[in-house]
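Dear colleague,

Please find below the structure that I am handing over to you.

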Amino acid sequence: MGGVIQVRLFLTLVAVLAVFLGGLSQVVINEVAWGGTIASPYDEWIELYNPSDEPVDLTGWTLSWEGVTIPLGEESGATVVLKSRVIEPHGFFLLERGGDDTVVGREADLIYRGALPNSGAELRLVDPEGQVVDTANAGCPAGWWAGDRGISMERIAPDAPDGRFTWRNGVAGELLDAKGNPIMGSPGTANSASSSHPGWSSPSRRDRSPGWLP
Ligand SMILES: [Ca+2]
């Protein structure tokens, strides 16, 4: 009998801890331009999004994939220039590769070095405690779930889980690349697919159902 109570107590503690961590871990990898822009395949960029009502200080956080680790809160390693450490509530954080000319009309929050391989990679967003807060492209057997050369891979909603059915190709918006072509994606702004998937705006990521499909 005592054993049953102990198991129940343990499960309750696990559930409380999961809710607590879930409430803290809300920044997501929202868009990945692994194929660069029409101007250049070198001109890659990545967008993070903070769906919460509180600003998030990224000091101590990293974004990484195989062979590349980008400190988000300090200029070291793959981080060349850091212009902002904080993501505002419902705000975006734009990482541009190599320089600030990758996306014209939207200043980068961080400039990094390192390539996203066309053969695919798993991106991992890690908080100061070492917790993996979010992933992008995890489990993809080859290449990427979406995107192409010059076309971004965008999450259909910030609370959508990382998976086969939750990434789409970016579409042309108002921002331009280094040669004046439209960016096929939405760096620093809401993803085009978000408006067509309002059902994904659940109160929190932990409430999502694995059965959800578009
Ligand atoms: Ca976007």
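The notes below describe what was found.

The model is a predicted one: local features need pLDDT of at least 70, side-chain atom pairs count only at pLDDT 80 or more, and totals for chains, interfaces and linings use all residues. Residue numbers start from 1 along each chain, following the sequence as written.

Overall composition

The protein contains 1 helix and 15 strands; both are DSSP runs numbered from the N terminus, helices being H or I with at least four residues and strands E with at least two. Of its 214 residues, 40% count as buried, a residue being buried if 20 or more other C-beta atoms lie within 10 Å of its own, exposed if 12 or fewer, and partly exposed in between, with C-beta atoms placed from the backbone. Among contacts with a separation of 6 or more, 61% come from residues 24 or more positions apart; two residues are in contact if their C-beta atoms, placed from the backbone, lie within 7 Å.

Seven strands, in the order 6-9-8-2-1-12-13, make up an open sheet with mixed pairing, where two strands pair if DSSP finds at least two bridges between them. Its edges are strand 6 (79-82) and strand 13 (167-169), each of which pairs on one side only. On average, neighbouring strands of this sheet are turned by 25° against each other, direction ignored; the axes are lines fitted to C-alpha atoms, for helices over the stretch in contact, and angles run from 0 to 180 degrees between N-to-C directions. Strand 12 (residues 153-155) runs antiparallel to strand 13 and is joined to it by 3 bridges. Met153 lies opposite Asn169 of strand 13.

Val80 belongs to strand 6 and counts as partly exposed because it has 17 C-beta neighbours inside 10 Å. Leaving aside residues up to four places away in sequence, Val80 touches Ile111, Tyr112 and Arg113. Val80 and Tyr112 are 32 residues apart along the chain, yet their C-alpha atoms are separated by 5.1 Å.

Glu75 sits in the loop between strand 5 (68-71) and strand 6. Glu75 counts as exposed because it has 11 C-beta neighbours inside 10 Å. Residues up to four places away in sequence not being counted, Glu75 touches Val81 and Leu82.

Yours sincerely
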